[in-house]
Amino acid sequence: MNKYLLDLINRMLERSDCEMKPGFDSSLTISWKAMRESEKIENQDYVNQLIDFIIQEKNKSKRDKAYFILGHLSKNIGDTKSTEFLINQIEKETDKDIISSLLNRIRELNKAKGVDIRPIINASKSDKWQIRHSAIQALKNSSDKTAEERLIEILKSPINHFDLIYANATLCNIGSMKCIPFLMYHLDHKKIDVAQSALNAITQIAKEKEINTYRARLIEGKIKSYAIIGVVKYGNHEDYSIVENRLRELVSKKRKVKHYAEGMKTELIIGLEFLRQSLKYESIIEWLLTKKATMLWDFELEWINNNKARITNIA
């Protein structure tokens, strides 16, 4: 392997300038800078060199960094050969942390139809949670139908609730209508994160087909903050009242946590954006400013002051 790659791996492993004390800025270290450098590599000639290095290298830490470089290189250039190599390496490594890290690299790679994903499937059945959870997420970007089938198996028989959360998140990326009934089953899960991730997956996959599910969950239940996203995306003027009711409920008391329903938008802002088409919008805004201003966060107040007028020129 050429000197540059060897030097890069050594810099990624450098710890001489790492000081574990308050105020320490890890982004200034040699290793941090080398990791960021490795993420940008696009040289096709490095593929075979890294593969040969990984096959021959006995030091697991160096192999781990080589996997990191090859994973990003494969993503950057869309190289199927290196993707298949990384997948095959899952069953050749024995250290759970190395395998988990390897799976994390594979997660972002495109697994086109024809790529053998059985090593990922097998890893998703591991009794070691680090490997299992990384494998469930590594099924992302898979074109093989067995990936969704395995995720459905997990929804039916999870080892723990984290399995469900990761499976739901991966289904957002590769799921079809086939998995909807199994996601529906978890909408009342006792763990709120499971229920929320299940509804989010349904919204991503089913879209407008499950509008009545989003409506029902916005009216009652514990996952209203996710249900409102489906309603405003796929609902219509008939949903103004249930969205308004949710906003009134939100500001009925102080909110302890600044929960962002989507991106950097709170439920309140998402709901108000939808209601800007309603004839009652300006009266809702006046009510919020005069009666509920103390219940709003500063950036919500700023949004309201910048968007007081109702949208009337709707196509």
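A salt bridge is defined here as a side-chain nitrogen of Lys or Arg within 4 Å of a carboxyl oxygen of Asp or Glu. By this rule, the count comes to 20 salt bridges. The model is predicted, so that local features need pLDDT of at least 70 and side-chain atom pairs count only at pLDDT 80 or more, whereas totals for chains, interfaces and linings use all residues. Residues are numbered from 1 along each chain as its sequence is written, and side-chain values use heavy atoms, with hydrogens and water left out.

**View 1. Salt bridge between Glu39 and Arg36.** The N to O distance is 2.8 Å.

**View 2. Salt bridge between Arg118 and Asp116.** The closest N and O atoms lie 2.8 Å apart. Arg118 is exposed, with a relative accessible area of 57%, while Asp116 is partly exposed at 33%.

**View 3. Salt-bridge network.** Lys224, Arg246, Glu249 and Glu267 are the linked residues.

**View 4. Largest nonpolar core.** This core is a set of buried Ala, Val, Leu, Ile, Met, Phe, Trp, Tyr and Cys residues joined through side-chain atoms within 4.5 Å. Among its 89 residues, Leu70, Ile90, Leu103, Ile120, Leu183 and Leu272 touch the most other members.

**View 5. Surroundings of Leu272.** With contact meaning heavy atoms within 4.5 Å, Leu272 touches Leu247, Tyr281, Ile284, Ile285, Leu288, Trp303 and Ile304, not counting residues up to four places away in sequence.

Note on methods: Buried < 20%, exposed > 50% of the residue type's maximum accessible area, 1.4 Å probe, protein only.
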